[in-house]
Amino acid sequence: MSIKAKRFRAQSIHHLIDGSGELGSVVRMATLLQRAQQHLRAGLPAEIAEHVYVGGYREGALTLITDGAVWLTWLRYERQRLLTLLRQLPEFEAVLALNLKVRPVQPLKAPTFQARALSPEAAHHLKACADDTTDPKLKKALARLASHAPDDT
């Protein structure tokens, strides 16, 4: 049993993402959603604009995502005004409905810094181990590790 490699010519990036390429529809949809996002944010009050995101467009329904239930309630009351605002864009004249969802945005947690201390006794054992080792790479690594201990002067 053999595996035969498929021979094909590499395609240029331009060919992949222009209108006829495989990624063209994805790029076009991302561009449309970005335009809708900018248009919505420009038409919304400042206090809510930063909490509303365009999530997707499928079968005449545009999905709006917000990071809190309070903003979702506001969006529900303003649904008709939002549809009118969106229909100002020629690409979104056919928007029939809005799907509203809450997806809380959780801030990225920075990894907690854990200061580790190497005792002088442990450093002494590492140095002794490094002195007894014949492998130069291991000797260097052990000596470097032992150097992390505070000086006991």
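This is a predicted model: local features need pLDDT of at least 70, side-chain atom pairs count only at pLDDT 80 or more; totals for chains, interfaces and linings use all residues.

User: In which element does Thr63 lie, and does Thr63 count as buried or exposed?
Analyst: Helices (H or I, at least four residues) and strands (E, at least two) are DSSP runs, numbered from the N terminus. Thr63 lies in strand β2. For burial, a relative accessible area under 20% is called buried, over 50% exposed, and in between partly exposed (1.4 Å probe, protein chains only). Thr63 has 14% relative accessibility and therefore counts as buried.

User: Which residues does Gln37 contact, apart from neighbours within four places in sequence?
Analyst: Gln37 belongs to helix α2 (residues 24–43), and it is in contact with Val52, Tyr53 and Val54 once those neighbours are set aside. With a relative accessible area of 16%, Gln37 is buried.

User: What surrounds Leu82, not counting residues up to four places away in sequence?
Analyst: Leu82 lies in helix α5 (residues 79–86) and, with those residues not counted, touches Leu40, Leu44, Leu64, Leu75 and Leu98. At 1% relative accessibility, Leu82 counts as buried. Leu82 and Ala97 are 15 residues apart in sequence, and their C-alpha atoms are 10.0 Å apart in space.

User: At what angle do α4 and α5 pack?
Analyst: Axes are lines fitted to C-alpha atoms, for helices over the stretch in contact, and angles run from 0 to 180 degrees between N-to-C directions. Helix α4 (residues 69–77) and α5 have axes 4 Å apart and pack at about 70 degrees. This makes α4 roughly perpendicular to α5. Angles under 35 degrees count as roughly parallel, over 145 as roughly antiparallel, 65 to 115 as roughly perpendicular and the rest as oblique. Trp74, Leu75, Arg76 and Tyr77 of α4 make the contact with Arg79, Arg81 and Leu82 of α5.

User: How do the residues of that contact of α4 with α5 divide by class?
Analyst: Ala, Val, Leu, Ile, Met, Phe, Trp, Tyr, Cys and Pro count as nonpolar, Asp, Glu, Lys and Arg as charged, and the others, Gly among them, as polar. Here there are four nonpolar, no polar and three charged residues.

User: How do the axes of α6 and α7 cross?
Analyst: The axes of helix α6 (residues 120–132) and helix α7 (residues 136–146) come within 8 Å and cross at roughly 165 degrees. The two helices are therefore roughly antiparallel. On the α6 side, Ala123, Leu126, Lys127, Cys129, Ala130 and Asp131 meet Lys139, Leu142, Ala143, Leu145 and Ala146 in α7. This contact has eight nonpolar, no polar and three charged residues.

User: How many helices and strands does the protein chain have?
Analyst: The chain has seven helices and three strands, in the sequence pattern α-α-α-β-β-α-α-β-α-α. Of its 153 residues, 25% count as buried.

Notes:
Residues are numbered from 1 along each chain as its sequence is written. Side-chain values use heavy atoms; hydrogens and water are left out. Contact means heavy atoms within 4.5 Å.
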